[in-house]
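Please examine the model displayed below before reading on.

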Amino acid sequence: MRTIRQVIVHHTAGPSTETVATIRRYHRTRGFHDIGYHWLVRELYKGGPWVVEAGRPEYQVGAHDADENAESIGIAIAGDYSEVAVPSSAWDVLVTLVADRCTHYGLEAGDISGHSDHEPASTPTLCPGFSARELRREVGRRLARWVKAA
């Protein structure tokens, strides 16, 4: 079993409705054996609900952040959030999923990062396009509520 020390969040920079199957096909053209992410948050259909779709099995090392794959879970949200905010309905699904994975692996909100937090200055990225700090804050609140409710 892999030791998971962090959750790394990405955006796909594609349509909000793209699926694991679509991303898998694209990643395979880049030489990956499967989709690089373990989970995808996506819009079921334009204007529809946001859902969670399983990607690469968590027991397999991901292909989402070269230096951090071995000890991380990769979660992507479909869409490009470098210039627009994540819709609130999508944000809630993302926060819930990340909090769930943190609970599962015994992680804290401080163990969450964005892809851009790991990229060297020579290959910068805007991914996930939003502040990982805000995501950590929201997941921390969610985790605290879950502990209090238990």
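The account below treats a pair of strands, then the cysteines, then an aromatic pair.

This is a predicted model, in which local features need pLDDT of at least 70 and side-chain atom pairs count only at pLDDT 80 or more, while totals for chains, interfaces and linings use all residues. Residues are numbered from 1 along each chain as its sequence is written, and side-chain values use heavy atoms, with hydrogens and water left out.

Helices (H or I, at least four residues) and strands (E, at least two) are DSSP runs, numbered from the N terminus. Two strands pair if DSSP finds at least two bridges between them. Strand E2 (residues 39–43) pairs with strand E3 (residues 50–54) in the antiparallel sense, over five bridges. Within this pairing, Leu40 is opposite Glu53 in E3. Six residues lie between the strands of this hairpin, and Gly47 adopts a positive phi near 85 degrees.

Cys102 is buried (under 20% relative accessible area, with exposed over 50% and partly exposed in between; 1.4 Å probe, protein chains only), at 0% relative accessibility. Cys127 also counts as buried, at 7%.

There is one aromatic pair. The ring centres of Trp91 and Phe130 are 5.4 Å apart and the planes stand at 85 degrees, so the pair is edge-to-face. Rings of Phe, Tyr and Trp (its six-membered ring) pair if their centres lie within 6.5 Å; planes under 30 degrees apart count as stacked, over 60 as edge-to-face and the rest as tilted. Both Trp91 and Phe130 are buried.
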